[in-house]
Amino acid sequence: MIGKRIEEALNAQIREELSSAYLYLSMAAYFHAEGLDGMARWMRLQAKEEVAHAMRIFDHLVERGGRVSLQALPEPAFQWDSPLAAFKAAYEHERYITERIDELVVLAREEKDNAAFQMLQWFVAEQVEEEDQTRKAVELLERVGPDGRGILMIDQKLGARAG
Ligand code: OFO
């Protein structure tokens, strides 16, 4: 059986993961509207990954006799000034999610909840990848600046992300 504090914190993290999916879907819609279908595809895949992250925690709660309680999601931003601004926002968002995961790890330790602690180790590793991917996209976009041809090349590159 899972403790109340961990149960509440994991439910809050389900909301964070689904909020991430919502944010990235909004970014996908923005990229489609800009004619950047490769970046849109990247974001759509990312949104799917975020739903899978939420489901990992969902399943953990179910398996341990906890109660999943879904919460309202904040409305994501609708528009960004440029592809660079969108990917910067994605990178900042991932840094924020890493902080949330780190706090959960501390809580699991405090509560001596080894099962949650172990489950969260997957997320610790995943966040390294999430930050790395978004930071690399930011670096590429910074390198080309406002050059349209460069942006189209990055669009193609990001659109080739494995699904
Ligand atoms: Fe779930 O890793 Fe991104 O937010």
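**Exercise 1. Threonine 98**

In which helix is the place of threonine 98? Determine also whether this residue is buried or exposed, and list its contacts beyond the neighbours within four places in sequence.

*Solution.* The structure is a predicted model.
- Step 1: threonine 98 lies in helix H3.
- Step 2: the relative accessible area of threonine 98 is 16%. Residues under 20% count as buried, and threonine 98 is therefore buried.
- Step 3: once neighbours within four places in sequence are set aside, threonine 98 is in contact with Gln127 and Glu131.

**Exercise 2. Overall architecture**

Describe the secondary structure of the protein chain, its extent along the principal axes and its surface.

*Solution.* 
- Step 1: the chain contains 5 helices and 0 strands, and the order of elements from the N terminus is α-α-α-α-α.
- Step 2: the C-alpha trace spans about 55 × 25 × 25 Å along its principal axes.
- Step 3: of the 163 residues, 45% count as buried. The accessible surface of the chain is about 9,000 Å², and carbon and sulfur atoms account for 54% of this surface.
- Step 4: among contacts between residues at least 6 apart in sequence, 81% join residues at least 24 apart.

**Exercise 3. The nonpolar cores**

Identify the residues that touch the most other members of the largest nonpolar core, the elements that give two or more residues to this core, and the contacts of phenylalanine 31.

*Solution.* 
- Step 1: the largest nonpolar core holds 24 residues, and those touching the most other members are Tyr24, Met27, Phe31, Met39, Met43, Phe87 and Leu158.
- Step 2: two or more residues of this core come from each of H1, helix H2 (37–63), H3, helix H4 (114–144) and helix H5 (148–159). H1 provides the largest share, 7 residues.
- Step 3: a second, separate core has 19 residues, among them Ala9, Ile14, Ala54 and Ala108.
- Step 4: leaving aside neighbours within four places in sequence, phenylalanine 31 is in contact with Leu36, Met39, Ala40, Met43, Pro83, Ala86 and Phe87.

**Exercise 4. Alanine 9**

Locate alanine 9, assign its burial class, and find its contacts and the separation of its C-alpha atom from that of arginine 41.

*Solution.* 
- Step 1: alanine 9 is placed in helix H1.
- Step 2: the relative accessibility of alanine 9 is 17%, so this residue counts as buried.
- Step 3: not counting residues up to four places away in sequence, alanine 9 touches Leu104 and Leu107.
- Step 4: alanine 9 and arginine 41 are 32 residues apart along the chain, and 31 Å separates their C-alpha atoms.

**Exercise 5. Lysine 112**

*Solution.* 
- Step 1: lysine 112 belongs to the loop between H3 and H4.
- Step 2: phi of lysine 112 is near 55°, a positive value in a residue other than glycine.
- Step 3: the relative accessible area of lysine 112 is 69%. Because values over 50% count as exposed, lysine 112 is assigned to the exposed class.

Methods. Residues numbered from 1 in each chain as written. Predicted model: local features only at pLDDT ≥ 70, side-chain atom pairs only at ≥ 80, totals over all residues. Heavy atoms only, no water. Helix = DSSP H or I, 4+ residues; strand = E, 2+ residues; numbered from the N terminus. Buried < 20%, exposed > 50% of the residue type's maximum accessible area, 1.4 Å probe, protein only. Contact = heavy atoms within 4.5 Å. Areas by Shrake-Rupley, 256 points an atom, 1.4 Å probe, with all protein chains shown as cover. Core = buried A, V, L, I, M, F, W, Y, C linked by side-chain atoms within 4.5 Å.
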